[in-house]
Amino acid sequence: MWTWHDSTLTKIEKTTPTTWRFWLKAKDLDKIDFRAGQFITMDLPIHERRRKRWRSYSIANAPNEKNTVELAIAYYEGGLASEYLFKEINEGDTITFKGPDGAFYLPPKIENDLVFVCTGTGVAPFRSMIFDLEKRDFDGRNIHLIFGTRYENAILYREEFEALAERNPRFRYTVTLSREENWEGVKGYVHQVYETEYADKPNTRFYLCGWQYMIDEARERLEKMGFDKTKVFYELYG
Ligand SMILES: Cc1cc2nc3c(=O)[nH]c(=O)nc-3n(C[C@H](O)[C@H](O)[C@H](O)COP(=O)(O)OP(=O)(O)OC[C@H]3O[C@@H](n4cnc5c(N)ncnc54)[C@H](O)[C@@H]3O)c2cc1C
């Protein structure tokens, strides 16, 4: 029913205290064919029951001709996959995956300005989309990435997004930190950022990615702002 692929875990980068980047290279494919925003599902040796071993992770790199994907994975203390991926597996080991799957991708042509709202590793599918869209100069639209986390040392892909914002005025990057005291940038949660900036921009489309507490709250707030369901898309991590 599903096609599973063996891959080699070619590299682990301990990027932030709680999030690492992982690179998988498929052993039996010349190219991993996916749309920016999709995810793969790994079958990890963390449970005797098959379905309880599966964990999905968004692909963080833009589509290309390679057979490698990059993932950004957060450590969650006591989580079965977290404990395995952060404490047991090593570079060179084999990981079995299926996919890419998922419908969290952009339309072929972007007709509206887009706001991407995420917390933590929820930035992964947006990184894929943003660098994919950059190849088409964002179809002439504006993209605003709003990334929230607690502390400055947990900002993912910061240099890349800052550099992109420097070189392309169509891309805006806002980081908001909820717990960092000595932070001169935006403080607080992601919600305040879009509420302040998009109240009077009804043609904007919103894409949300992360855990349920953030997504539920954003959907509720956006609805109150007048953005109905056809303007808000989301990927729920759990
Ligand atoms: C489509 C999709 C894409 C995903 N992409 C990513 C990704 O790119 N990066 C990534 O790190 N994760 C991603 N996830 C989440 C991932 O699949 C796992 O759920 C996560 O790694 C936790 O697995 P675990 O086995 O460590 O925890 P489990 O043993 O499954 O978790 C135990 C409990 O903790 C909760 N939990 C676990 N982690 C968190 C957290 N960080 N915040 C709040 N509650 C949590 C779970 O809901 C569960 O109730 C994605 C999930 C989906 C469905």
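**Entry 1: the ligand shell**

I began with the ligand and found that the shell around the ligand draws at least three residues from each of domain 1 (4-101) and domain 2 (114-236). The domain bounds come from an automatic or database domain assignment. I note that this is a predicted model, in which local features need pLDDT of at least 70 and side-chain atom pairs count only at pLDDT 80 or more, while totals for chains, interfaces and linings use all residues. Residues are numbered from 1 along each chain as its sequence is written.

Which residues come nearest to the ligand? Of the 21 residues around the ligand, I listed Tyr76, Gly79, Ala81, Ser82 and Thr121 as those that come nearest. A residue is near a molecule or strand if its C-beta atom, placed from the backbone, lies within 6 Å of it. Strand S4 (54-58), strand S5 (68-74) and helix H1 (80-87) are the elements that give two or more residues to this shell. Helices (H or I, at least four residues) and strands (E, at least two) are DSSP runs, numbered from the N terminus.

I then sorted the shell by class and got 12 nonpolar, seven polar and two charged residues. Here Ala, Val, Leu, Ile, Met, Phe, Trp, Tyr, Cys and Pro count as nonpolar, Asp, Glu, Lys and Arg as charged, and the others, Gly among them, as polar.

**Entry 2: the two domains**

The chain is divided into domain 1 (4-101) and domain 2 (114-236). I looked up the C-alpha centres of domain 1 and domain 2, which lie 24 Å apart. Domain 1 gives 17 residues to the contact and domain 2 gives 12 residues. Two residues are in contact if their C-beta atoms, placed from the backbone, lie within 7 Å. On the side of domain 1 that touches domain 2, the largest share, four residues, comes from S5. By class, that side of domain 1 has 10 nonpolar, seven polar and no charged residues.

**Entry 3: the antiparallel sheet**

I traced an open sheet of six strands in the order S4-S3-S6-S1-S2-S5, with antiparallel pairing. Two strands pair if DSSP finds at least two bridges between them. S4 and S5 stand at the edges, each with a single partner strand, so one side of each has no neighbour in the sheet. From one strand to the next, the twist averages 40°.

I checked one pair in detail. Strand S3 (residues 39-43) and strand S6 (residues 94-101) run antiparallel and are joined by four bridges. Phe39 stands opposite Asp101 in S6.

**Entry 4: the parallel sheet**

Another open sheet has six strands in the order S10-S9-S8-S7-S11-S12, and its pairing is parallel. Its edge strands are strand S10 (186-187) and strand S12 (232-236), each of which pairs on one side only. Two bridges join strand S9 (residues 171-177) to S10, and Leu177 stands opposite Lys187 in S10.

I found two helices packed on this sheet. Helix H4 (residues 190-198) touches strand S7 (114-119), strand S8 (143-149), S9 and S10, and its direction makes about 165° with that of S7. Helix H5 (residues 212-225) touches S7, strand S11 (205-210) and S12, and its direction makes about 170° with that of S12. Axes are lines fitted to C-alpha atoms, for helices over the stretch in contact, and angles run from 0 to 180 degrees between N-to-C directions.

Why is S7 largely enclosed by the rest of the structure? Six of the six residues of S7 are buried, so the strand is largely enclosed. A residue is buried if 20 or more other C-beta atoms lie within 10 Å of its own, with C-beta atoms placed from the backbone. Leu114, Phe116 and Cys118 are buried on one side of S7, and Val115, Val117 and Thr119 on the other.

Six bridges join S7 to S8, where the bridge partner of Cys118 is Phe147. Five bridges join S7 to S11, and Phe116 has Tyr207 as its bridge partner there. S11 is mostly covered, with five of its six residues buried. S11 is joined to S12 by five bridges, and Cys209 stands opposite Glu235 in S12.

**Entry 5: Ser128**

Ser128 counts as buried because it has 25 C-beta neighbours inside 10 Å. Not counting residues up to four places away in sequence, Ser128 touches Ala36, Gly37, Ile59, Ala60, Asn61 and Ala62. Ser128 and Pro63 are 65 residues apart in sequence and 7.2 Å apart in space, C-alpha to C-alpha.

Notes: A residue is buried if 20 or more other C-beta atoms lie within 10 Å of its own, exposed if 12 or fewer, and partly exposed in between; C-beta atoms are placed from the backbone.
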